[in-house]
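Hi,

Here is the structure I promised to send over.

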Amino acid sequence: MSHHLGIHDLSFATTEFVLPHTALADHNGTDIGKYHTGIGQESMSIPAADEDIVTMAATAAAPLIARHGSDRIRTVVFATESSIDQAKAAGVYVHSLLQLPSATRVVELKQACYGATAALQFALGLIRRDPTQHVLVIASDVSKYDADSPGEATQGAAAVAMLVTANPALLTIHDPSGLYTADVMDFWRPNYRDTALVDGQESINAYLQAVEGTWKDYTEQGGHTLDDFTAFCYHQPFTKMAYKAHRHLLNYNDRDTDHHTITQAIGPTTTYNNVIGNSYTASVYLGLAALLDHTPDLTNQPIGLFSYGSGSVAEFFAATPTPDYHNHLHTTTNQHTITRRTTIDYPTYLQLHENTLPTDGTHHTTPTQTTGPYRLAGINNHKRIYETR
Ligand code: COA
């Protein structure tokens, strides 16, 4: 018997603090038009000293457990490119914070911003094998570049948690996928660095090549035609990138690329990323949440999702909202997640940006800054200590 497989429920979390781009522009003398229009960013989420990818991930996933229980979750896949440990999966901390059953497999996945899509596809494979199981997929990242570097304005942080099941309430995910891998050095973070290195222009070009490459493969694999799609949701390292991507796809297909058409197609997907900033693996799924929350009706209409991870690996695939999806949205909660953040000034941001945990094994207690349900209380003997409120 064949089942529809896909995303049953989706929840996201971001940080305690937010820095408006006006504050960054005042500090570095940049014309605010470059941030607001040029890259399409209004503000960026900044983690408190007691927040990290684990606290955001647990905060994002907790409502899914509250709504659907954990009995059927036998796998947790945690996608991140801002990992906190070279060996232990961050998902194991989340498993513990959420008190998930011990009969669970937990693993961490990495391929830059593409990791969550790999996690989603692997989850679908597991569900296809046993449709009674649920897989918890979590994408959690902190995007961090050096202060005063070009990437600084594209920082951000968030976690998206998705419950992947058979007969999903929210979205069905379809075969085929269009795939594309190319060995490029557009963005990378060697193990000895806290901040990413990026060749901005190279990353934009590599991304656009990947749009073309995935679309070509998607078509060859027998996917939908361009006109079958009602909406397109692109990975957004900065929201302007989605506009560039869609224009590139339309050009590649010899279509009109007037600004109005592109704005109509892409606008609704950018409303969360525009104020949260880059959340790497979570970004395309925040775009999806924004699209579902801000479009009147997408029932049974295919959405094209494009996931890109520098380095690079990309995938294009289709998802269709179910007839009942409206009853499973959490738009008010999602908006509150964004509006509850406290605005900080540039000096406070810089202090948090430069803040590091000790690496010598000494005991360190983090200041209580977050008001969220999970916090990083400190580190002792090289072990992170988390607490639940
Ligand atoms: N008003 C309106 N627009 C303005 C402006 C102003 N005053 N000043 C500049 N701009 C526009 C530019 O024309 C440009 O638009 P375009 O890309 O459509 O041509 C845009 O703002 C950015 O300007 P640019 O000079 O290219 O900025 P930059 O050298 O600081 O680099 C990024 C911008 C995005 C490349 C840089 O922030 C970066 O490296 N970010 C990280 C990239 C990334 O995340 N990659 C990850 C993998 S996808």
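This is a predicted model: local features need pLDDT of at least 70, side-chain atom pairs count only at pLDDT 80 or more; totals for chains, interfaces and linings use all residues.

Before the helix pairs, one definition: a crossing is right-handed if the near helix is turned clockwise from the far one by less than a right angle, and left-handed if anticlockwise. Helices here are DSSP runs (H or I, at least four residues), numbered from the N terminus.

Residues are numbered from 1 along each chain as its sequence is written, and side-chain values use heavy atoms, with hydrogens and water left out.

Now the first pair on my list. Helix α3 (residues 53-68) passes α4 in a right-handed crossing. The two pack at an angle of about 45 degrees, with axes 9 Å apart; the axes are lines fitted to C-alpha atoms over the stretch in contact, and angles run from 0 to 180 degrees between N-to-C directions. α3 and α4 are therefore oblique to each other (under 35 degrees is roughly parallel, over 145 roughly antiparallel, 65 to 115 roughly perpendicular, and the rest oblique). On the α3 side the contact (heavy atoms within 4.5 Å) uses Ile53, Val54, Ala57 and Ala58, and on the α4 side Ala90, Tyr93, Val94 and Leu97. By class that gives eight nonpolar residues, no polar and no charged (Ala, Val, Leu, Ile, Met, Phe, Trp, Tyr, Cys and Pro count as nonpolar, Asp, Glu, Lys and Arg as charged, the others, Gly among them, as polar).

Helix α4 (residues 90-97) also holds glycine 91. Glycine 91 counts as buried at 0% relative accessibility (buried is under 20% relative accessible area, exposed over 50%, partly exposed in between, with a 1.4 Å probe and protein chains only). Leaving aside residues up to four places away in sequence, glycine 91 touches Phe78 and Val106.

The other pair is α7 (residues 240-252) and α8 (residues 259-266), which pack at about 120 degrees with axes 10 Å apart. That makes α7 oblique to α8. Among the residues in contact are Tyr243 and Leu250 of α7, and Ile262 and Ile266 of α8. The contact divides into six nonpolar, three polar and one charged.

Cheers
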